[in-house]
Amino acid sequence: MVTSVPRLVIAAPSSGSGKTTVATGLMAAFAARGLAVSPHKVGPDYIDPGYHALATGRVGRNLDAYLCGPALIGPLFAHGARGCDLAVVEGVMGLYDGAAGEGELASTAHVAKLLRAPVVLVVDASSQSRSVAALVHGFASWDPEVRVGGVILNKVGSDRHESLLREALDASGVPVLGVLRRVPQVDTPSRHLGLVPVAERRAAAVEAVAAMAAQVARGCDLAALEALARAAGAVPGGSAPWTPESPTHDHPTRSAEKRRPVVALAGGEAFTFSYAEHTELLTAAGADVVTFDPLRDEELPEGTAGLVIGGGFPEVYASELSANEPLRKAVAELALSGAPVAAECAGLLYLCRELDGRPMCGVLDATARMTERLTLGYRDAVAVGDSVLAAAGTRMRGHEFHRTVVEPGAGAAPAWGVRTPVRRVEGFVQQGVHASYLHTHWASEPGVARRFVERCRTS
């Protein structure tokens with residue numbers, strides 16, 4: 001059964017402990033053993049799943065209990081893990097860190113409990129010896145419902161250091177399942193919003209993932225880790241896998257008679273942030289989703305009836321995006337025609353009049369610029385008025401993560417009324433355009449994709 005797929009959650013006491021290296025390395029090491037590995041990431045992160053996909057050859061998927069709600073975690077996991085031998089779930093931040101002010105909600109511990117999955121704690125042991133036992137004991141005993149099934153010691157300095165750490169942990173009851181030595185960091189460069197995405201450095205990323213796999217295979221007891229994963233049992237509730245199909249989805253013969261509108265999806269190095277479920281939902285709703293690259297393609301895909309521009313790094317590629325004047329004009333003309341356009345964060349910037357002084361599409365009478373200030377956090381939002389994505393009053397949860405500012409921050413018809421952390425309106429709705437800083441996960445509200453595709457048919 002999909003709901004009984006062997007699984008591990010890779011967590012840590014805090015960010016920077018080595019979760020991504022261990023999780024990605026484990027995925028690749030298990031895949032090298034011939035296992036079909038399902039990769040998952042707790043939280044709204046778009047970048048780590050790209051490395052997970054390289055490691056496993058499967059789409060990296062997110063499990064976010066804030067954006068999608070706790071009830072969808074099991075079904076979304078089962079959807080991603082269908083046909084797999086084993087699943088590895090990379091955590092977020094520290095094991096018990098969740099949405100601010102929401103207790104355990106959306107924490108790695110919360111998702112581990114929802115999946116009834118054993119946790120492997122990755123500990124940065126570089127500056128401790130006997131104290132590691134107190135740290136591991138604290139994390140293992142904090143919540144009796146969280147099963148810490150083992151620890152991987154990272155950044156261990158020497159044989160003597162390893163011996164001291166193992167001796168200290170002998171009495172903790174938590175087995176040591178791996179020891180990774182202090183070595184030069186695997187080449188995974190970062191910038192202002194985290195790791196550089198795979199799409200921007202594919203060849204180097206492939207080498208980095210191979211190095212992670214070698215490091216983990218050398219230092220970890222893969223047989224013991226696999227045995228721990230196989231002891232997980234069934235996912236609570238035995239929920240069926242999530243499906244992008246609507247419960248009232250049209251009969252195939254009737255669907256075939258409907259026009260399948262082309263929905264253009266921005267991709268390439270500048271627009272790398274997109275949840276796999278969005279494309280699946282659009283396709284299930286009757287669209288043909290075609291990816292294009294705003295850095296290189298001078299035209300939208302033939303027959304484009306709607307446009308989706310997700311997140312990414314347009315600020316890094318502002319000069320190249322601006323230089324592609326034919327495509328900027330094509331996007332502006334499509335928006336002016338009233339066709340549905342959904343833009344999130346990077347997409348919002350691209351639709352502005354300019355970004356850091358460089359001309360963009362000019363769909364919105366607004367300017368965007370980089371700042372030093374990081375805007376980060378979950379948001380509770382409600383649709384202010386009707387749009388191509390949602391009817392007025394539709395509630396959705398979103399996430400903001402950027403170092404830019406758009407002025408003004410909202411149009412005459414805002415996209416969302418945001419209630420966290422402070423009440424405000426945000427984004428733009430004009431003709432068929434819905435543009436906002438909010439990243440949302442459409443699996444939480446499948447009607448968004450169906451509404452968008454229907455507008456593509458009728459616009």
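Student: How many cavities of 30 Å³ or more does the structure hold?

Tutor: The structure holds 3 cavities of that size. Keep in mind that this is a predicted model.

Student: How is empty space found at all?

Tutor: Rolling a probe the size of a water molecule over the atoms shows where empty space is left.

Student: What is the volume of the largest cavity?

Tutor: The largest cavity has a volume of about 140 Å³. Its lining is made of 16 residues. Nearest its centre lie His 278, Val 308, Gly 310, Glu 344 and Trp 442.

Student: Which elements give two or more residues to the lining of the largest cavity?

Tutor: They are helix H10 (276-284), strand E12 (304-309) and strand E13 (341-344). E13 gives the most, with 3 residues.

Student: How do the residues of that lining divide into nonpolar, polar and charged?

Tutor: For the largest cavity, 11 are nonpolar, 4 are polar and 1 is charged.

Student: What about the second largest cavity? Which residues lie nearest its centre?

Tutor: Glu 315, Cys 345, Leu 349, His 402 and Thr 404 do, out of 10 lining residues. This cavity has a volume of about 50 Å³. Helix H13 (346-351) and E17 each supply at least two lining residues. E17 gives the most, with 4 residues. The lining of the second largest cavity splits into 5 nonpolar, 3 polar and 2 charged residues.

Student: In which sense do E14 and E16 pair, parallel or antiparallel?

Tutor: E14 and E16 pair in the parallel sense, over 2 bridges.

Student: How many bridges join E16 and E17?

Tutor: E16 and E17 pair over 12 bridges, in the antiparallel sense. Arg 379 stands opposite Gly 398 in E17. E16 also pairs with E18 in the antiparallel sense, over 3 bridges. There, Ala 381 has Val 418 of E18 as its bridge partner.

Student: Now backbone angles. Which peptide bond is cis?

Tutor: The bond from Glu 407 to Pro 408 is cis, with omega near -5 degrees. Pro 408 sits in the loop between strand E17 (395-407) and strand E18 (416-418).

Student: What is the phi of Arg 116?

Tutor: Phi of Arg 116 is near 50 degrees, a positive value in a residue other than glycine. Find Arg 116 in the loop between helix H4 (108-115) and strand E5 (119-124). Asp 356 also has phi near 50 degrees, and it too is a residue other than glycine. Asp 356 lies in the loop between strand E14 (354-355) and strand E15 (358-359).

Student: Why does Arg 116 count as exposed?

Tutor: Arg 116 counts as exposed because its relative accessible area is 52%, and exposed means over 50%. Asp 356 has 30% relative accessibility, so Asp 356 counts as partly exposed.

Student: Is His 40 buried or exposed?

Tutor: His 40 is at 0% relative accessibility, so His 40 counts as buried. Look for His 40 in strand E2 (residues 37-42).

Student: Which side chain joins that of His 40 in a polar contact?

Tutor: The side chain of Ser 38 does, with a polar contact of 2.7 Å. Leaving out residues up to four places away in sequence, His 40 touches several others, among them Met 27, His 52, Arg 61, Phe 77 and Glu 90.

Note on methods. Residues numbered from 1 in each chain as written. Predicted model: local features only at pLDDT ≥ 70, side-chain atom pairs only at ≥ 80, totals over all residues. Heavy atoms only, no water. Buried < 20%, exposed > 50% of the residue type's maximum accessible area, 1.4 Å probe, protein only. Polar contact = N/O pair within 3.5 Å; in protein donor to acceptor, adjacent residues only side chain to side chain. Contact = heavy atoms within 4.5 Å. 1 Å grid on protein atoms, 1.4 Å probe; cavity = no way out; pocket = protein on both sides within 12 Å on 5 of 7 lines; lining within 4 Å. Points joined across faces, edges and corners; volume = space filled by probe spheres on them. Nonpolar A, V, L, I, M, F, W, Y, C, P; charged D, E, K, R; others polar. Pairing = 2+ DSSP bridges.
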